[in-house]
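Pocket notes today. I wanted to see where the open space is and what lines it.

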Amino acid sequence: MTEARRKRIEDVLKRRQPDLTVLLENVHKPHNLSAILRSCDAVGVLEAHAVNPTGGVPTFNETSGGSHKWVYLRVHPDIAEAFRFLRERGFRVYATALSREAQDYREVDYTQPTAILLGAEKWGVSPEALALADGAIQIPMLGMVQSLNVSVAAAVILFEAQRQRLRAGLYERPRLDPELYAQVLEDWLRK
Ligand code: SAM
């Protein structure tokens, strides 16, 4: 490995945000999953979360641009377990929803530990997950079509989080504790 490559890997790791993530509920189509992980990488998500009730192993395609190598994906057995995991680590979970009651996604403070819950193309976020969430957010839709593609919605919200975190200086110093930093660095250097 060249010095330049090692430096690039370290620079990216220093910008990773361990307290920003997505929780994907039954979002399993490879192109959607891949596009979401690509946005996660660009915004600095260290680890994404997924629940797939049908039990399939997540698969990616070329849409990921290789980002699935750099963003960990933790798969939980069910939505309750995913919430338990995130809550124990201090995350607030915001469910995306298309209802009028959901607040505008730009009103949330993403500088706090935040997980964005996204739902399946056909059904959206389940009522069970919505009930567990700390709040519901929506991207205002002013056209003829009711919703965005899930990967587009993920990108819109993640980049708002990036904007807020840039402004708060959260990319200016490493956010991982030294032990985790060393562990992830070792893993990344092997890739
Ligand atoms: N018929 C589904 C419903 O009623 O929820 C549509 C699901 S939409 C195609 C797939 C996912 O994309 C949603 O579960 C949500 O996570 C996200 N999404 C799409 N448009 C959105 C919007 N305008 N605001 C927030 N999330 C959105």
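Predicted model: local features only at pLDDT ≥ 70, side-chain atom pairs only at ≥ 80, totals over all residues.

Started with the lining of the largest pocket: I get 23 residues, and those nearest the centre are Thr96, Ala97, Leu98, Gly124 and Ser147.

Looked up the volume next. The largest pocket holds about 420 Å³ of space.

Which elements supply at least two residues each to this lining? I found strand 7 (135–138) and helix 5 (150–167). Helix 5 has the largest share of the lining, with three residues.

Then I sorted the lining of the largest pocket by class. My tally is 14 nonpolar residues, seven polar and two charged.

Moved on to the second largest pocket, where I read off about 310 Å³ of space. Its lining is made of 13 residues, and Leu46, Glu47, Tyr72, Arg74 and Leu180 come closest to the centre.

Strand 2 (47–51), strand 3 (72–76) and helix 6 (178–189) are the ones that give two or more residues to the lining of the second largest pocket. Which of them gives the most? That is helix 6, with four residues.

Class check on the second largest pocket: I count seven nonpolar, two polar and four charged residues in the lining. Glu47 and Arg74, both listed among the residues closest to the centre, fall in the charged class.

Notes:
Residues numbered from 1 in each chain as written. Heavy atoms only, no water. 1 Å grid on protein atoms, 1.4 Å probe; cavity = no way out; pocket = protein on both sides within 12 Å on 5 of 7 lines; lining within 4 Å. Points joined across faces, edges and corners; volume = space filled by probe spheres on them.
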